[in-house]
Amino acid sequence: MTVRNSVAPRAANAVDRYDIETDVLVVGYGAAGASAAFEAAHAGAAVLVLDRAGGPGGASAMSGGEIYLGGGTPIQRACGYDDSPEAMAAFLTAALGIGADTAKIDEYCAGSVEHFHWLVDRGVPFKPSMWDAPTWVPPTDDGLMWLGENSWPFTESAHPAPRGHRPTAKDFGGKLLMECLSGAAESAGATAMFDTYVTTLIVAGDGSVAGVVARQYGKEILVRARRGVILTTGGFVDNDDMLADHAPQLLGHTKVSAGTDDGSGIRMAQAAGAAVRHMSSAQVGMSLIPGLAARGMVVNALGRRFINEDTYPGRIGRSALFRQNMGGSWAGGDTAVWVIVDESGFEDVPEPQRWGVRPTHVAETPSELEQLTGLPTGSLADTIHRYNEFATHGTDPDHHKSARWLRPLEPPYAAIDVKAGIRPPSEAGDRRGTGASVFTLGGLHTDLEGHVLNFDRRPIPGLFAAGRAANGLHGLGYISGTSLGDATFFGRRAGTAAARNA
């Protein structure tokens, strides 16, 4: 998708009349927008939500539904895990990478238990049970899962505790989450208009944001927001022009979105003087089954391991695309990654949890597997030999994989090409591509209350943002659940701040 429509703000003094007036206007109806709308309405403001789609949900409704929560939630305690805001903050600071917003992380972790209860009060159910194995999305309705906290290097910096909180739904829980959040917003008094695409901001002479210009069925609509506009329009992975400008390494890969992450909110705010952060940062989901990777090895185009396979699978994807890329060109570059597993390891993962993945090649010897995969002669033989030596002694000095998953590999061996793709049970069709599925993490620079900041790090009056339209917690790293957690937590902050804005 290429989007280059003008986003230059319209001067408020050029507006003769408004078609609609409200106190707080929320643009986008995903998890961030619903959370902002609820809090603004709960604070007594008149709230209108505009969304370009035909109903609420967006990328949030299509997600796994995991929300990163900790610090000692009732679900953690019921499953036998102790946690603290300090340990949670230490993990997130390390896992979210260089440039992570430590002030937001500290605030988020300190308020995490309260946020859990807020979600429960909005009707989001969590079951007090644990899924204890590497996976993208558990096939059960267990309410808690590990998201890399118990893997190296994070075990060096924080006491491990699982913090992936899942709504009570088998497989993907985003739809249930959005049903609860949008229902809560509407019960609080927020109203919504759909099939309405916001194109520009309306800005007063003093630089404050007064409203928006939108289009619905070809007709222009002018909306005044007396207290504030909250942008929750998502990221920009669907805008190839923006990717070329800011994150060209994402071009050519599968996009994780609802098809509407065109960066429009970010561009509108930039045109009004907003600053952005970490626009090159992204999440990469490599098309592998974490349970198979943990039971075997993940190797690059040289037949070498490059990461501990029991870690959060998104770290494998980021390392594969950003550090192991062998193609010479970022756009759709050669994400040559193979999962090597033996028959026992493959059969140990139940068939429904393999998401349609089958071995690409099978061989009795590493040399034969090298020939079938095109890996350099001797590379895989050396890697398997070294790995098996480590597994025999129960330690992995190269990449610090947990002893729980270390076991010598025995013939026959299977090689799984990540380019073959994976297919969740709810989806159908061919998924072959580059092996990488991506979305953006960079966005508008905001403060702890969701105010959008300008280049001088001062709030732009009347303008707020949350969700992937904002940079949020993230630096150059990512952990599942931090999108929905960040979106709902700071969406709430933005809604409250906008409602109180004079």
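## Residue classes and basis of the model

Ala, Val, Leu, Ile, Met, Phe, Trp, Tyr, Cys and Pro count as nonpolar, Asp, Glu, Lys and Arg as charged, and the others, Gly among them, as polar. This is a predicted model, in which local features need pLDDT of at least 70 and side-chain atom pairs count only at pLDDT 80 or more, while totals for chains, interfaces and linings use all residues. Residues are numbered from 1 along each chain as its sequence is written, and side-chain values use heavy atoms, with hydrogens and water left out.

## The second largest pocket

The second largest pocket holds about 500 Å³ of space. A pocket here is an open set of points on a 1 Å grid over the protein atoms alone, where a 1.4 Å probe fits, with protein on both sides within 12 Å along at least five of seven lines; lining residues have an atom within 4 Å of a point. The volume is the space filled by probe spheres set on the points, which are joined across faces, edges and corners.

Its lining consists of 19 residues, and Ile307, Arg315, Arg318, Ser319 and Arg323 lie nearest the centre. Helix H4 (85–95) and helix H11 (313–322) are the elements that give two or more residues to this lining; helices are DSSP runs (H or I, at least four residues) and strands likewise (E, at least two), numbered from the N terminus. H11 gives the most, with 4 residues. By class, the lining comprises 11 nonpolar, 5 polar and 3 charged residues.

## Aromatic pairs

The count comes to 11 aromatic pairs. Rings of Phe, Tyr and Trp (its six-membered ring) pair if their centres lie within 6.5 Å, with planes under 30 degrees apart counted as stacked, over 60 as edge-to-face and the rest as tilted. One of the pairs joins phenylalanine 91 and phenylalanine 154 edge-to-face, at 5.0 Å centre to centre and 75° between the planes. Phenylalanine 91 belongs to helix H4 and phenylalanine 154 to the loop between strand S6 (144–145) and strand S7 (164–165), so the pair ties together parts 63 residues apart in sequence. Phenylalanine 91 is buried at 1% relative accessibility, as is phenylalanine 154 at 4%; buried means under 20% relative accessible area, exposed over 50%, and partly exposed in between (1.4 Å probe, protein chains only). Ring pairs also link Tyr68, Phe91 and Phe154 into a cluster.

## Cysteines

The model has 0 disulfides, a disulfide being a pair of cysteine sulfur atoms within 2.5 Å. For cysteine 109, the nearest cysteine sulfur, that of cysteine 79, is 19 Å away. Cysteine 109 is buried, with a relative accessible area of 2%.
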